[in-house]
Amino acid sequence: MSGMRVIGLAGWSGAGKTTLLVRAIPVLVARGVKVATLKHAHHDFDTDWPGKDSYEHRRAGAVEVLVSSGRRWAQVHELRDEAEATLAQLLRRISPCDLIVVEGYKREPIPKLEVHRAENGRPPLHPLDPTIVGIASDVGFPASGIPVVDLNDPEAVTGLMLDVAVPFEDVLGRL
């Protein structure tokens, strides 16, 4: 792959976005693709717990805590009274890679694959969202006018992700 590219995953809660991504990442890695993910959480979340040094640093008032070891590092930034970071700001923080998969942010104007599961009982998003450029589903959408692959076929899903992902700079230009 040449240059960083971005693709989003959008779908209703329970459609299987995370499951699909966890199955697709190893296929992408096996193809030699260096993958990063950016996940939007709609609720309060924590990456460490009471008693951990980093947690205690934040609780004491540190705005940012960076924890590092010989195996990984993590950075936690407390917003306090600041506004939530924009998708563009967060994308700029991603280290160089081949493909960034954005899970969530379904209302952002970035190209996305819709993850649709019929048993979820929710209507498809693609008829009302022109930023959806492909569909991973357990049912067909022959009238969609965009590529549709089997939600349960990680090879097909990763192929579609790579086919429709767009250059990083193009995505930033849309935001």
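Leaving aside neighbours within four places in sequence, Leu38 is in contact (heavy atoms within 4.5 Å) with Leu87, Leu90, Leu91, Ile94, Val101, Val102, Glu103 and Tyr105. Welcome to a short tour of that residue and its surroundings. This is a predicted model, in which local features need pLDDT of at least 70 and side-chain atom pairs count only at pLDDT 80 or more, while totals for chains, interfaces and linings use all residues. Residues are numbered from 1 along each chain as its sequence is written, and side-chain values use heavy atoms, with hydrogens and water left out.

- Leu38 belongs to strand S2; strands are DSSP runs of E with at least two residues, helices are runs of H or I with at least four, and both are numbered from the N terminus.
- Leu38 counts as buried because its relative accessibility is 8%, where buried means under 20% relative accessible area, exposed over 50% and partly exposed in between (1.4 Å probe, protein chains only).
- Between Leu38 and His77 there are 15 Å in space, C-alpha to C-alpha, and the two are 39 residues apart in sequence.
- His40 sits in the loop between S2 and helix H2 (53–59), and its relative accessible area of 12% makes His40 buried.
- Not counting residues up to four places away in sequence, His40 touches Glu84, Glu103, Gly104 and Tyr105.
- The side chains of His40 and Glu84 make a polar contact at 2.8 Å; such a contact is a pair of N or O atoms within 3.5 Å, and within protein one must be able to donate a hydrogen and the other to accept it, with residues adjacent in sequence counting only if both atoms are side-chain atoms.

**Helix H1**

- H1 covers residues 17–30 and spans 20 Å from its first C-alpha to its last.
- Its buried residues are Lys17, Leu20, Leu21, Ala24, Val27 and Leu28.
- An α-helix has 3.6 residues a turn, so residues three or four places apart point the same way.
- The buried residues of H1 pack against strands S1 (5–10), S2 (35–39), S5 (99–103), S6 (112–116) and S7 (132–137), and against helix H4 (154–164).
- After H1 comes Gly32, with a positive phi near 85°.

**The whole protein**

- Five helices and nine strands make up the list of elements, and from the N terminus they run β-α-β-α-β-β-α-β-β-β-β-α-β-α.
- The C-alpha atoms fill a box of roughly 55 × 35 × 30 Å along the principal axes.
- Of the 175 residues, 42% are buried.
- Among contacts between residues at least 6 apart in sequence, 58% join residues at least 24 apart.

How values were computed. The expected span of a helix is 1.5 Å times one less than its number of residues.
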